[in-house]
Amino acid sequence: MNIALALALGAVIGVLLGLLGGGGSILAVPALVYVLGLGIEQAIPMSLIVVGTASAVGVLPKIRAGQVQWRLAAVFALAGIPATFIGSLIGKQLPQSVLLSGFAAVMVLAGVRMLQENASTGTACRVGDSGINWRRCATRSIPAGFLVGLLTGLFGVGGGFLIIPALVLMLGVEMPVAIGTSLVIIVVNSAAGILSHLSGTSIDWTIAAAFVGTAIVGSLIAGHLGTRLDHRRLQHWFAYLVFAVAAYVLVDTLLLR
């Protein structure tokens, strides 16, 4: 039964990933906890495997198109990798109820971001057409990278809903390049998060393989078919679903236990 549920859940999460991008994985952890009955210490690395693998597949066409700012990705990753391990260490000291409450808050933040229209590109860190003023903007990009890594380690989220606004609004990166760069950062942070959570955690690899396998297949199929759909409307409806799941997590965690 658990394997059948894992296959079905993976397919659903994969379809959401394919239709919505990285934000679709925000439901992976609550699905694994509340439907499969896993502890959050197992759900987080499984979620990161899905996030990291899907992002690695999604970034390939961006790399071929030259839509990755490698220097920015390196800055975010160098700040994010140690933060991911720190977040993991903190999470292992917290009770599951606290982690789930914090995850619900992250879900609300992600849902709000999904409802916002794409903002215009910022110019605070740009110097004409010559690129980014690193001396001025290191104080912005390094803390942003650290925060994203911390959330990855704590909750098993990719953090694209934070990375892209940071790249676009703070560093003046064009949206197509911001998306490609964000995917690279998510791959690196997810790999660090998986490593940080594997030590001392017992994972049912049969369940993990079933969940991750159908998620990736579902993501690829939905990504191909999703070009025909109204992406903005779909994202708005998904945001409302995220709010509903966040409310359920909070009620279950704070009132029913």
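Phe103 is a buried residue, because its relative accessibility is 2%, and buried here means under 20% relative accessible area, exposed over 50%, and partly exposed in between, with a 1.4 Å probe and protein chains only. Before I continue, please note that this is a predicted model, in which local features need pLDDT of at least 70, side-chain atom pairs count only at pLDDT 80 or more, and totals for chains, interfaces and linings use all residues. Residues are numbered from 1 along each chain as its sequence is written, and side-chain values use heavy atoms, with hydrogens and water left out.

Let me set out the overall fold. The chain has 10 helices and 0 strands. Helices (H or I, at least four residues) and strands (E, at least two) are DSSP runs, numbered from the N terminus. Of the 257 residues in the chain, 50% are buried. Contact means heavy atoms within 4.5 Å. Among contacts with a separation of 6 or more, 82% are between residues 24 or more positions apart. The accessible surface of the chain is about 11,700 Å², and carbon and sulfur atoms account for 68% of that surface; these areas come from the Shrake-Rupley method with a 1.4 Å probe, and for residues only the protein chains shown count as cover.

I return to Phe103 by way of the aromatic pairs. The structure holds 3 of them. Rings of Phe, Tyr and Trp (its six-membered ring) pair if their centres lie within 6.5 Å; planes under 30 degrees apart count as stacked, over 60 as edge-to-face and the rest as tilted. Phe103 and Phe155 form an edge-to-face pair, because their ring centres are 6.2 Å apart and their planes stand at 70°. This pair links distant parts of the chain, with Phe103 in helix H5 (residues 96-115) and Phe155 in helix H6 (residues 134-155), 52 residues apart. Phe155 also counts as buried, because its relative accessibility is 9%.

Another pair joins Trp237 and Tyr240, which is edge-to-face because the ring centres are 5.9 Å apart and the planes are at 85°. Why are these two separated by about one helical turn? The reason is that Trp237 and Tyr240 are 3 residues apart in helix H10 (residues 231-254). Trp237 counts as exposed because its relative accessibility is 59%, and Tyr240 counts as partly exposed because its value is 44%.

Next, the interior. In soluble globular proteins, nonpolar side chains tend to be buried together. A nonpolar core is a set of buried Ala, Val, Leu, Ile, Met, Phe, Trp, Tyr and Cys residues joined through side-chain atoms within 4.5 Å. Which members of the largest nonpolar core touch the most other members? Of its 52 residues, they are Ile26, Leu27, Phe155, Phe211 and Phe238. At least two residues of this core come from each of helix H1 (2-20), helix H2 (28-34), helix H3 (40-64), H5, H6, helix H9 (205-225) and H10. Apart from this core lies another, of 20 residues, among them Val59, Ile164, Ala178 and Val184. As for Phe155, its contacts, leaving aside neighbours within four places in sequence, are Val29, Ile44, Leu99, Gly102, Phe103 and Val106.

Helix H8 (residues 175-198) deserves a separate word, and Thr181 is placed there. Thr181 is buried, because its relative accessibility is 0%. Not counting residues up to four places away in sequence, Thr181 touches Gln67, Val68, Gln69, Leu72, Ala73 and Leu167. Ser190 lies in helix H8 as well, and Ser190 is buried with a relative accessible area of 1%. With neighbours within four places in sequence left aside, Ser190 is in contact with Leu48, Val51, Gly52 and Thr152.

Leu198, also in helix H8, is partly exposed at 31% relative accessibility. Ile81, Phe85, Leu195, Leu198 and Trp205 form a nonpolar patch on the surface, with about 460 Å² of accessible area together. Helix H4 (70-93) and H8 each supply at least two residues of the nonpolar patch.

Ala11 and Phe211 are 200 residues apart in sequence and 7.6 Å apart in space, C-alpha to C-alpha.

Note on methods
Patch = residues over 30% accessible without salt bridge, like charges linked within 9 Å, V, L, I, M, F, W, Y side chains within 5 Å. Salt bridge = Lys/Arg side-chain N within 4 Å of Asp/Glu carboxyl O.
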